[in-house]
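Please read them with the coordinates open.

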Protein chains: 4
Amino acid sequence: MAKSKFEYVRNFELDDTCLRNCYIVVRLDGRNLHKFSDQHNFTKPNDDRALGLMSRSACSVMEELDDITIAYGQSDEFSFVFKRSTNWFKRRASKLMTHVTSQFSSSFVFYWKEYFGEQPLLYPPSFDGRVVLYPSNRNVRDYLSWRQADCHINNLYNTAFWTLVQKGGLTTTQAEERLNGTLATDKNEILFSEFNINYNNESSVYKKGTTLIWEKVNETTTKQIKRPNEEETEVTVTRTRKKVTSHSCDVIGDQFWDEHPDILESEQC
Amino acid sequence: MAKSKFEYVRNFELDDTCLRNCYIVVRLDGRNLHKFSDQHNFTKPNDDRALGLMSRSACSVMEELDDITIAYGQSDEFSFVFKRSTNWFKRRASKLMTHVTSQFSSSFVFYWKEYFGEQPLLYPPSFDGRVVLYPSNRNVRDYLSWRQADCHINNLYNTAFWTLVQKGGLTTTQAEERLNGTLATDKNEILFSEFNINYNNESSVYKKGTTLIWEKVNETTTKQIKRPNEEETEVTVTRTRKKVTSHSCDVIGDQFWDEHPDILESEQC
Amino acid sequence: MAKSKFEYVRNFELDDTCLRNCYIVVRLDGRNLHKFSDQHNFTKPNDDRALGLMSRSACSVMEELDDITIAYGQSDEFSFVFKRSTNWFKRRASKLMTHVTSQFSSSFVFYWKEYFGEQPLLYPPSFDGRVVLYPSNRNVRDYLSWRQADCHINNLYNTAFWTLVQKGGLTTTQAEERLNGTLATDKNEILFSEFNINYNNESSVYKKGTTLIWEKVNETTTKQIKRPNEEETEVTVTRTRKKVTSHSCDVIGDQFWDEHPDILESEQC
Amino acid sequence: MAKSKFEYVRNFELDDTCLRNCYIVVRLDGRNLHKFSDQHNFTKPNDDRALGLMSRSACSVMEELDDITIAYGQSDEFSFVFKRSTNWFKRRASKLMTHVTSQFSSSFVFYWKEYFGEQPLLYPPSFDGRVVLYPSNRNVRDYLSWRQADCHINNLYNTAFWTLVQKGGLTTTQAEERLNGTLATDKNEILFSEFNINYNNESSVYKKGTTLIWEKVNETTTKQIKRPNEEETEVTVTRTRKKVTSHSCDVIGDQFWDEHPDILESEQC
């Protein structure tokens, strides 16, 4: 069987290497997640189990794949930022986006039970991914700010919407009409004056989304040691290791970035 | 919160539309599948459970995503061919490859139990994907021939290798040395003369891989119907619907293509 | 001086290889050619000198660069079709389009005098180029048909427009208004009934544009030969060589393609 | 004639927009310039007429096309740097590279006579172009440093080589062998000890190449004005305008960039 006769087809594969010295962002979005959340009875406007599972899956991506320094998620989307100088998979866009998407998708099913317990997953869900390049620190920070601003806008809307429905007795159509054309201050006012809800007191994971970074964590273990001819003694060992940690904080202002100077590389000037 | 201030970052996303009038092939490959198969005690050289699960996942991809007319899998890889004229996701390469990869990966975990029963999946596996375009029917047939020729070559080698180890008592290093430089005929001869194995009698799914296509299937259902003032009667209803069917046949020669003229579109000349 | 220190910048160059087994079309368009034609007093609606110079420049491109089998020009544009299997410059899009554009531009200035005589070229003109891929013979024929249909539509309009201005005494604004909303038949009628011009009798180079192809041409040379002790005799030598030939014919119908079966490669089926 | 029937072919054109917030560099290289320089009797190792014509053509590119802030040339190549934020031709790579190449090529022929006088241009020359993106100021400076380091290395070699041939009486093969494996210091030493040439005193345009930038230039014009009932007076008017200026200076160190802070945009941090 002549292998070589067909092998010319390899040459149809085109190169899709990402431009160097740029941050590579892979963003995932759930496919038909609206229908999926209805079929799995997600709590509205936010389902803690689903948000937890999304973060768990994103954490799995960071642990398995190299060179992701920060990930940010909200609702049914998650973004992963590879470091500027990464050479993972030779910066091939297709490899980067499919590996992230694959690891996230298989993790979502794998860890389902940890978050939804006995409630069964009805069918395998699907996510789509894309790659976007950002040449400067400012650009990549603005990207994350864009997603967090989007999170805020959507969550305020959804909180007002579902409060009007769940506590105010409106139909979804009525709630939609009620909120049509309202500003952020209007929605805050509706929540406060009609339902005694202070939006500022809402959970920050809803308002700010989830930010995953690598941090050094001290892990302390204590052991009882018994040497011959000695009394038993207690030995405490502290080891430092890097671990993915989760935060629900503001990433738009400077404070977060000042506190974590290692996430973005210093600019070459 | 000024949404618009950050929204300029959307313009960094680049277009990756696939050239029209070309077949779009998405190929998936398992990541570190060698290690994965060891950790999950896959039977060598072929594990029927794993092959079944791969096909089940590929089937899920075909059922969920539009416009895939044929898929071909062997070992830890699967290729999906979108029809030439597909406009699914506006032919955007990133959407096509990530949706296929995601659906396959989540299905692999979702259907694990159906194939591996109580043996647990130890961690979420990962697959990578790529997109390749083929302008002509000849090219796409040669692509599938290339993968099937590869299947044959690898399976003959693996069958000889593991027979030498499992039945011949050789170490893996000895088996490797024994096969070094041998031709196909040599491997057939080793199997036949030393182990009384006729390679031609091996399962065709091992030798030819798995081909999935859409076929019209007649489904017959029988119901007992009882109308007032009538005796109960049995009614048989036959419906025709399209279904993904699995084949382990030769796709290099013309016969398969003559029998299934609808898989490839007729050439515009 | 450390060369290597800076050489990393080479890695920022991205690959732009054209998909194989596709026709590569490079189309050039004049930049600000309207202003250019005014400043150089081009005859309206068609300037034979300019059309001749365009064709001469295109001919220079075909003679200098490999693997162009057909070129088609009209107005201030010219398209060049590379053969499907070309490997010229490894099919790199940037090389292909810049070489065509460069050769055309330098030829346009170089041969100016042959067409415009003592009328000086006032400044160096500029053309832009692009690459488009076509996977099938049908596609590339439809591309050429598209440009020739465009030629016809524009030329009929321009002929009617400039006749109304030059012979009918209308201002350009009046001519524009007069033609606004008219169909092809209306324009033909205006030309015929008001100016006694039968559009069908217009020069085919205006109506059909210019098609350049390679053809075998017999070249006959005659020499007087005088051998010792013989009478002087006339010897005729006929040599066949490939030459770029120019045609102003229909390329939309089948006849042209039937007569020149070598321009497009036979389809792989 | 059905225009629409063929117009679908437009959709085969693919987008090639350059990533934003990156410097866009277009580099041109002469095609077969070695042969060209022989046929036109260029002086070795450097021909002032040819270098002048290259710079004149590059100057024409900068004057005609928008947003080029610096150009650098040496030998038969020229690089043009578009500003980071340019939106010229919507950042489409094909438009950018073909327009630069076209303007350069037509200018090269157009201005030939100004530099070569009565010596005729034998045929239209060709240049190829490419686009490379650089995300940071450091990268684009390193790109220019790379080209200037290349200029130095080549010019020292060529100066030594042609001195050995022209003054030392060596054949070109002998000169090549003599220089094989020599370091920069060796070449300097050969020039100095054998031919009494101090390489440092060579023309800086040979050693450093040509850098073109935009600078504000004061232009003073003097007019005699005679008003009624007044004596004739001389009036001097000074106007400031931007003009392309040529420099043969070091662009590797900081001094040039400190003196011209407007060429590169300040980094967004």
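This is a predicted model: local features need pLDDT of at least 70, side-chain atom pairs count only at pLDDT 80 or more; totals for chains, interfaces and linings use all residues.

1. The points below take chain A, then chain D, then chain B.

2. Record annotations, chain A. The UniProt entry, which is unreviewed, places "domain: tRNAHis guanylyltransferase catalytic" on residues 6-135 of chain A. That span is 38% helix and 22% strand. Its end C-alpha atoms lie 40 Å apart. From the unreviewed entry also comes "domain: Thg1 C-terminal", covering residues 139-252 of chain A. Here the content is 46% helix and 27% strand. The end C-alpha atoms of residues 139-252 of chain A are 12 Å apart.

3. Sheet of chain A. Six strands make an open sheet, in the order 4-1-3-2-5-6, with antiparallel pairing. Strand 4 (127-134) and strand 6 (233-247) of chain A are the edge strands, and each pairs on one side only. From one strand to the next, the twist averages 25°.

4. Strands 5 and 6, chain A. Strand 5 (residues 210-225) of chain A runs antiparallel to strand 6 of chain A, and the pairing extends over 15 bridges. One point to check on screen: N218(A) stands opposite T240(A), a residue of strand 6 of chain A.

5. Helix 3 on the chain A sheet. Helix 3 (residues 48-64) of chain A lies across strand 2 (68-74), strand 3 (77-82), strand 4, strand 5 and strand 6 of chain A. Its angle to strand 5 of chain A is about 80°.

6. Sheet of chain D. The sheet in chain D is open and has six strands, ordered 4-1-3-2-5-6 and paired antiparallel. Strand 4 (127-134) and strand 6 (233-247) of chain D each have a single partner strand, so one side of each is left without a neighbour in the sheet. The twist in this sheet averages 25° from one strand to the next.

7. Strands 1 and 4, chain D. Strand 1 (residues 23-30) of chain D pairs with strand 4 of chain D in the antiparallel sense, over eight bridges. The bridge partner of L28(D) is G129(D), in strand 4 of chain D.

8. Helices on the chain D sheet. Helix 4 (residues 93-110) of chain D packs on the sheet and touches strand 1, strand 3 (77-82) and strand 4 of chain D. Its direction makes about 140° with that of strand 4 of chain D. Helix 6 (residues 137-166) of chain D also packs on the sheet, touching strand 1, strand 2 (68-74), strand 3 and strand 4 of chain D. The direction of helix 6 of chain D makes about 20° with that of strand 2 of chain D.

9. Cavities. How many cavities of 30 Å³ or more does a search of the whole structure find? Three. The second largest cavity holds about 50 Å³ of space. Its lining residues include L51(B), M54(B), F78(B), V205(B) and T210(B). By class, the lining has four nonpolar, six polar and one charged residues.

10. Source of that lining. Helix 3 (48-64), strand 2 (68-74) and strand 3 (77-82) of chain B each supply at least two lining residues of the second largest cavity. Helix 3 of chain B gives the largest share, three residues.

11. K242(B). This residue sits in strand 6 (residues 233-247) of chain B. Beyond the residues up to four places away in sequence, K242(B) touches W214(B), E215(B) and K216(B). W214(B) is 28 residues from K242(B) along the chain, yet their C-alpha atoms are separated by 6.1 Å.

Methods:
Residues are numbered from 1 along each chain as its sequence is written. Chains are lettered from A and ligands numbered from 1 in the order in which they are written. Side-chain values use heavy atoms; hydrogens and water are left out. On a 1 Å grid over the protein atoms alone, a cavity is a set of points where a 1.4 Å probe fits but cannot get out, and a pocket is an open set with protein on both sides within 12 Å along at least five of seven lines; lining residues have an atom within 4 Å of a point. Grid points are joined across faces, edges and corners, and a volume is the space filled by probe spheres set on the points. Helices (H or I, at least four residues) and strands (E, at least two) are DSSP runs, numbered from the N terminus. Ala, Val, Leu, Ile, Met, Phe, Trp, Tyr, Cys and Pro count as nonpolar, Asp, Glu, Lys and Arg as charged, and the others, Gly among them, as polar. UniProt positions are given in the numbering used here, feature names are shortened, and annotations may be inferred rather than shown by experiment. Two strands pair if DSSP finds at least two bridges between them. Axes are lines fitted to C-alpha atoms, for helices over the stretch in contact, and angles run from 0 to 180 degrees between N-to-C directions. Contact means heavy atoms within 4.5 Å.
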